[in-house]
Amino acid sequence: MGVADRLSSFLSLLGSSVKSVLKLVLQSRGCTVTHVAQNGQRLIIMGNGPSLARNIAEDAEILSSACTMAVNFAANADEFAVLRPDFYVIADPHFFKGRETDPNIKRLFDRIDSMVDWDMTLFIPSDRNPSEQGIGNPHVRIESFNLVAVEGFGWLEDAAYKSGRGMPRPRNVLVPALMTGILMGFKDIYIIGADHTWTRTLEVADDNTVVSVQPHFYKDNNSEQARVTDVYRGVRLHDVLLSMHLAFKSYHSIARFAARHGVNIYNATPGSFIDAFPRKKL
């Protein structure tokens, strides 16, 4: 790499670092994620991809005996009462802004409040008030994490990630799920249901509308399908591809952070497009 390239790289890292520091000062709040993992205990993070259905059918004994984490709309699935996750992560702002207009979100929080009869920790972004989530279930403990994207010099990223003040760009809920698992002290984390085969279902219709179908292990109802269609209305293909790029890039940032701190992250999702973590079966 020549002098000009090294200077350009340095200036780019410097710019990203300055921007990240400003975000940390202005947006980062107290992170309440605590160390709960016991020695030798592993965490299984359950994405909502279609392959999770196979895990539910074939690995029920493993899932019931391990610490598990669910995400997003998992509570609306019929299998939620069977999965009985120990942890639950919700990150997308839509879950908190659309509660009065989206029946699926109302159903999600109602089911968490009424169905959970086991001890479960619900993690939400630190800029959301736990008391406003309408959950009075004594079995559900609500904790917070910082959904602040931090990029720049390695020492800055490491300090922000380790303190819980920031994380790699959270373009997918799996990013805060993994970072929360690391902050809780788990040294072995397995990912299932994280197919991420988004490009296989990406299309552009004749009217230049981008169509992105992201199947789950459960079937989305008509209102959720309509919401997703509305979200993609006016979105261009390069924007969708950039979002995918940022998500996959964030996983590599997590992989580097995990390696520095002795955390093993394994992708146990068959056929997953995530290329940042070694593959290993449950």
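**Close-up 1. F248 and Y251 in helix α10.** F248 and Y251 sit 3 residues apart in helix α10 (residues 237–260), so about one helical turn separates them. Helices here are DSSP runs of H or I with at least four residues, strands are E runs of at least two, and both are numbered from the N terminus. Both F248 and Y251 are buried, meaning under 20% relative accessible area with a 1.4 Å probe and protein chains only (over 50% is exposed, in between partly exposed). W198, F248, Y251 and F277 form one aromatic cluster.

A word on the model: it is predicted, so local features need pLDDT of at least 70 and side-chain atom pairs pLDDT 80 or more, while totals for chains, interfaces and linings use all residues. Residues are numbered from 1 along each chain as its sequence is written, and side-chain values use heavy atoms, without hydrogens or water.

**Close-up 2. The F80 and W118 rings.** The whole structure holds 13 aromatic pairs; rings of Phe, Tyr and Trp (its six-membered ring) pair if their centres lie within 6.5 Å, with planes under 30 degrees apart called stacked, over 60 edge-to-face and the rest tilted. F80 and W118 make a tilted pair, because their centres are 5.5 Å apart and their planes stand at 55°. This pair links distant parts of the chain, 38 residues apart: F80 is in helix α4 (residues 80–83), and W118 is in the loop between α6 (103–115) and β4 (120–125). F80 is buried, with a relative accessible area of 0%, and W118 is buried too, at 8%.

**Close-up 3. E143 in strand β5.** Look for E143 in strand β5 (residues 140–145). With a relative accessible area of 12%, E143 is buried. Its side chain meets that of T32 in a polar contact of 2.6 Å (a pair of N or O atoms within 3.5 Å; within protein, one must be able to donate a hydrogen and the other to accept it, and residues adjacent in sequence count only if both atoms are side-chain atoms).

**Close-up 4. The largest cavity.** A cavity is a set of points on a 1 Å grid over the protein atoms alone where a 1.4 Å probe fits but cannot get out; lining residues have an atom within 4 Å of a point. The largest cavity has about 60 Å³ of space, a volume being the space filled by probe spheres set on the points. Helix α8 (residues 174–183) gives the largest share of its lining, 4 residues.

How values were computed:
On a 1 Å grid over the protein atoms alone, a cavity is a set of points where a 1.4 Å probe fits but cannot get out, and a pocket is an open set with protein on both sides within 12 Å along at least five of seven lines; lining residues have an atom within 4 Å of a point.
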